[in-house]
Amino acid sequence: MTTDQDERNDQPRRRAASPGGAAPREREKPRNQSSSLRRALAVLDHVRENTDTRGVSLTRIADDLGISKSTVLRLAQPLIDGDLLTRDRETGWFRLGHGVLRLGQAYLSSLDIRSVAADPLRRLQHVVGETCHLVVYDALEVLYIDKVENEHNVRMASRVGMRMPAYRTAVGKAILAWLGDEEFQAVVAAGMPPATERTITDPARLAAELERVRRTGYAVDDRENEPEVRCVAAPVFDHNDRAVGALSVSGLTSRMTPARVREVGPMVERAGLEISRVLGSTRPRRRRIEGRTEGRTEGGNQP
């Protein structure tokens with residue numbers, strides 16, 4: 001059995017000196033630097049995924065990754081030198097170093113939701129063939145910051161820079177579902193006048209609709225904002241796992257039938273989670289672990 005003391009002492013051994021006193025010249029095969037980098041990153045990622053307050057032991061890293069302890073030590077040393085990993089002097093266990101925080105802060109400061117979402121939004125539009133939008137949340141409203149048009153003769157009336165009340169749009173409901181009761185009560189207090197005969201104006205119905213969004217992963221605007229338009233939207237989360245925006249697919253009801261909505265919904269959700277992952281959210285991993293409820297749920301406004 002390997003003890004903590006064994007791990008502290010488990011360092012690569014130097015070759016013995018020759019009888020003449022001089023250390024023999026080692027003839028090592030040149031290492032594949034790309035392979036070494038990938039394995040070092042695997043060590044770093046393993047510590048990130050499995051660490052707790054104590055860290056992760058050398059033995060566990062070696063066993064889980066299927067490599068020797070001496071190899072783990074060799075791969076970890078540059079990461080320790082770069083402050084990406086740290087090793088406890090008493091236990092020999094590994095934890096993330098403060099260099100990871102510096103990298104994370106630099107990465108987050110360089111992010112812009114519109115640029116991050118650009119490629120996923122255009123890929124989504126190419127697959128579904130309908131107009132796609134990207135919005136951010138701002139004081140009970142959604143602000144449209146990007147739009148990719150369809151190729152049909154009839155275009156959506158939306159435009160970049162336009163604002164809409166969150167309660168009656170799919171993008172707004174996709175965000176509101178994750179903002180908590182305080183924001184919900186603020187929306188209700190501000191009033192929910194109808195835009196069409198199908199607009200949800202009852203707080204209880206809106207609450208039930210937001211619960212459905214949390215269960216399925218996407219929101220639906222079934223002619224609630226425009227009489228002949230259906231829209232499907234999913235939230236975008238930032239590095240704090242806060243819903244800061246949403247993306248959507250919108251189309252005329254003749255094309256966006258109820259069956260089509262159910263097909264498009266999971267596609268929009270996946271695109272939202274892809275953007276969220278790049279923004280630093282851990283929610284995509286949690287969704288995979290927890291799973292999700294598929295299909296229609298009671299109390300919503302699903303077409």
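Analyst: Helices (H or I, at least four residues) and strands (E, at least two) are DSSP runs, numbered from the N terminus. By that count the protein has 11 helices and 8 strands. The model is predicted, so local features need pLDDT of at least 70 and side-chain atom pairs pLDDT 80 or more, while totals for chains, interfaces and linings use all residues. Residues are numbered from 1 along each chain as its sequence is written, and side-chain values use heavy atoms, leaving out hydrogens and water.

User: What makes R223 a loop residue, and what makes it partly exposed?

Analyst: R223 is found between two strand runs, β6 (219–222) and β7, and belongs to the loop there. Buried means under 20% relative accessible area, exposed means over 50%, and partly exposed is in between (1.4 Å probe, protein chains only). R223 has 24%, which is why it is called partly exposed. Its phi is near 65°, a positive value in a residue other than glycine.

User: Which class does L140 fall into, and how do you know?

Analyst: L140 has 24% relative accessibility and therefore counts as partly exposed. This residue lies in the loop between β3 and β4. L140 is not a glycine, yet its phi is positive, about 70°.

User: Why is the pair of W178 and F237 called edge-to-face?

Analyst: Rings of Phe, Tyr and Trp (its six-membered ring) pair if their centres lie within 6.5 Å; planes under 30 degrees apart count as stacked, over 60 as edge-to-face and the rest as tilted. The structure holds 1 aromatic pair. The centres of the W178 and F237 rings are 5.7 Å apart and their planes stand at 80°, so the pair is edge-to-face. W178 sits in the loop between α7 (170–176) and α8 (181–190), and F237 in strand β7, 59 residues apart. F237, at 2% relative accessibility, counts as buried, whereas W178, at 27%, counts as partly exposed.

User: How do you know that the charged end of R212 sits over the ring of Y218?

Analyst: A charge sits over a ring if NZ of Lys or CZ of Arg is within 6 Å of the ring centre and within 35 degrees of the ring normal. For R212 and Y218 the distance to the ring centre is 5.7 Å, and the charged end is placed over the ring.

User: How does the span of α6 stand against what is expected?

Analyst: The expected span of a helix is 1.5 Å times one less than its number of residues. Helix α6 (residues 113–128) has 16 residues and reaches 22 Å from its first C-alpha to its last, close to the 22 Å expected.

User: Where in α6 is the kink, and what is meant by its angle?

Analyst: The bend at a residue is the angle between axes fitted to the seven residues ending there and the seven starting there. At D119, shortly before the proline P120, the kink is about 35°. Buried residues of α6 include I113, P120 and V128. Just after the helix, G129 has a positive phi of about 75°.

User: What makes T196 buried, and which residues is it in contact with?

Analyst: T196 has a relative accessible area of 12%, and so is buried. Contact means heavy atoms within 4.5 Å. Leaving aside neighbours within four places in sequence, T196 is in contact with R223, E224, N225, E226 and P227.
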